[in-house]
Amino acid sequence: MSNNPYETFIRQLENGAKVLGIGRDVVEVLKEPERVLEVSIPVKMDDGSVKVFKGWRSEHSTALGPAKGGIRYHWNVTKDEVIALSAWMSMKNALMNLPYGGGKGGIRVNPKELSDAELERLSRGFIDKIYKYLGPDQDVPAPDVYTNPKIMAWMLDEYEKLVGRKAPGVITGKPIIVGGSLGRNHATALGGFFVLREAVKVKEGKNLEGMTAAIQGFGNAGSHMAKFLAEAKVKVVAVSDSKGGIYDPNGLPIDEVKKVKSETGSVVNFDKAEKISNEELLILDVDILVPAALENVITEKNARDVKAKYIVELANGPITPEADDILNEKGIFDLPDILANAGGVTVSYFEWVQNRMGYYWDEEEVDAKLDKKMTKAFKEVYEAMEKYKVPPREAAYVVALRRLVEALKSRAVV
Ligand code: NAD
């Protein structure tokens with residue numbers, strides 16, 4: 001079975017459409033991205049040579065507003081992956097009731113092999129190629145895997161130079177000093193934490209205290225999630241990154257692990273815990289499993305061995321459709337990516353709103369607004385689960401598709 005994320009999206013779309021009884025015309029419109037830019041970016045390397053990198057920006061749907069979604073730097077990025085990620089953003093933004101369509105970008109590069117100066121030239125070069133299609137009312141990028149606020153600031157600066165005016169709302173996930181929002185850095189994880197809290201409340205009528213968790217990926221999403229879970233007295237027994245994982249049944253000291261990761265580049269250098277592989281981490285006997293790295297990590301090969309009661313998909317597309325069926329049969333409460341990791345784009349939306357007002361909120365206000373949005377979205381998904389007797393992912397698609405269909409109908413596209 002193919003693990004092409006675009007095919008996964010099509011299946012999820014068809015499933016949601018079937019539940020709602022949506023016509024073929026809507027499905028056909030949403031199957032195709034509205035626009036995909038493919039560019040090559042020549043970069044002068046520090047040694048004087050020139051390297052050419054490939055990049056894409058996909059705008060999947062703008063029925064609900066400007067395209068919105070991150071830019072990923074990864075050595076395996078493909079056009080299909082970028083299109084699928086942009087389609088998931090359309091669904092996510094619709095589910096969260098944000099005034100945005102879906103977009104995503106990617107450059108095929110291993111950023112770890114580039115110097116800071118090379119990375120800056122690459123980031124500015126990408127904007128040079130696509131800036132005509134970007135804008136606060138057109139298409140608004142943000143960080144994703146291996147991109148960060150520093151890169152967003154270079155991109156903002158390049159865009160503003162090219163258009164000849166300040167436009168902080170063209171990109172989100174910026175450093176605070178150039179218009180970023182407080183709370184954006186931890187927003188993806190905090191949003192996931194809020195929906196997990198609600199799920200445990202409706203399923204078991206209790207809070208998270210005393211539960212155990214394993215987290216795959218210790219970057220922005222995964223490391224903040226580890227912190228929030230530990231603060232809620234959840235025992236985080238395992239974490240991992242691209243080099244492997246660490247395990248301690250008594251719970252890992254998250255701050256210490258964070259320090260080791262930032263000083264040495266990997267959690268595996270934390271020597272007061274057992275080493276485990278990324279594959280072993282996924283099937284640990286824990287209450288909560290958090291995939292927070294890349295796509296397709298839970299497949300029909302390992303889904304039967306997953307023991308967690310709750311999955312929080314901080315990563316986009318970590319579970320294949322075949323695995324999804326198996327997890328549903330097992331009665332695992334799987335909080336789908338378009339809900340579980342929507343905290344990032346929600347605070348990106350708050351950042352964009354603040355940029356447009358020129359008035360900035362404090363962190364407590366941002367976190368409280370995020371809690372309200374995430375809790376509301378969870379309740380809508382849960383209502384759809386009950387009403388249509390479907391698992392959480394299908395229910396999330398139902399809520400999102402209802403809004404997208406209404407927008408497409410209002411615009412007389414369908
Ligand atoms: P990041 O670059 O900060 O961290 C990625 C982490 O994944 C790193 O720890 C890296 O070592 C690890 N990793 C990479 N390859 C791996 C592998 N093969 N096995 C195990 N670990 C691996 O990225 P991030 O922003 O934390 O994004 C992680 C996931 O969350 C992605 O799927 C992304 O699309 C999703 N996401 C992020 C945001 C956000 O705001 N940052 C929002 C929504 C969704």
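Which residue stands opposite Val236 in E8? Ala213 does. The views below come from a predicted model.

**View 1. Strand E8 (residues 235-241) is largely enclosed by the rest of the structure.**
Of the 7 residues of E8, 6 are buried, so the strand is largely enclosed. Strand E7 (residues 212-216) pairs with E8 in the parallel sense. The pairing of E7 and E8 runs over 5 bridges. Ala213 faces Val236 of E8 across the pairing. Gln216 stands opposite Ser240 in E8. Strands of a sheet pair through backbone hydrogen bonds, in either the parallel or the antiparallel sense.

**View 2. A hairpin joins E8 to E9.**
The link between E8 and E9 consists of 2 residues. Strand E9 covers residues 244-247. E8 and E9 pair in the antiparallel sense, over 4 bridges. Asp241 stands opposite Gly244 in E9.

**View 3. E7, helix H7 and E8 make a right-handed β-α-β unit.**
Helix H7 spans residues 220-231. The loop between H7 and E8 holds Lys233. Phi of Lys233 is near 65°, a positive value in a residue other than glycine. Most residues other than glycine have a negative phi. Is Lys233 buried or exposed? Lys233 is exposed: its relative accessible area is 55%, and the cut-off for exposed is over 50%.

**View 4. An open sheet is formed by 7 strands.**
The strand order is E10-E9-E8-E7-E11-E12-E13. The pairing in this sheet is mixed. Strand E10 (274-276) and strand E13 (333-335) are the edge strands, and each pairs on one side only. From one strand to the next, the twist averages 20°. In a regular strand the side chains alternate between the two faces of the sheet.

**View 5. Ile276 sits in edge strand E10.**
Ile276 is buried, with a relative accessible area of 10%. That value falls under the 20% cut-off for buried, so Ile276 counts as buried although E10 is an edge strand. Which separation in space goes with the 30 residues between Ile276 and Ile246? C-alpha to C-alpha, Ile276 and Ile246 are 5.4 Å apart.

Gly317 is buried, with a relative accessible area of 7%. Pro336 is 19 residues from Gly317 along the chain. The C-alpha atoms of Gly317 and Pro336 are separated by 8.5 Å.

**View 6. The second largest pocket holds about 210 Å³ of space.**
Its lining consists of Lys203, Asn328, Gly331, Ile332, Phe333, Tyr382, Met385, Glu386, Val390, Pro391 and Pro392. Which element gives the largest share of the lining? Helix H13 (residues 363-388) does, with 3 residues. By class, the lining of this pocket has 7 nonpolar, 2 polar and 2 charged residues. Rolling a probe the size of a water molecule over the atoms shows where empty space is left.

**View 7. The largest cavity has a volume of about 30 Å³.**
How many cavities of 30 Å³ or more does a search of the whole structure find? The search finds 1. Asp324, Asn328, Asp334, Pro391, Pro392 and Arg393 line the largest cavity. H10 and helix H14 (392-410) are the elements that give two or more residues to this lining. The residues divide into 2 nonpolar, 1 polar and 3 charged. Asn328, Pro391 and Pro392 line the largest cavity, and these residues also line the second largest pocket.

Terms used:
Residues numbered from 1 in each chain as written. Predicted model: local features only at pLDDT ≥ 70, side-chain atom pairs only at ≥ 80, totals over all residues. Heavy atoms only, no water. Buried < 20%, exposed > 50% of the residue type's maximum accessible area, 1.4 Å probe, protein only. Pairing = 2+ DSSP bridges. Right-handed = clockwise from strand over helix to strand, strands pointing away. 1 Å grid on protein atoms, 1.4 Å probe; cavity = no way out; pocket = protein on both sides within 12 Å on 5 of 7 lines; lining within 4 Å. Points joined across faces, edges and corners; volume = space filled by probe spheres on them. Nonpolar A, V, L, I, M, F, W, Y, C, P; charged D, E, K, R; others polar. Axes fitted to C-alpha atoms, helices over the stretch in contact; angles between N-to-C directions.
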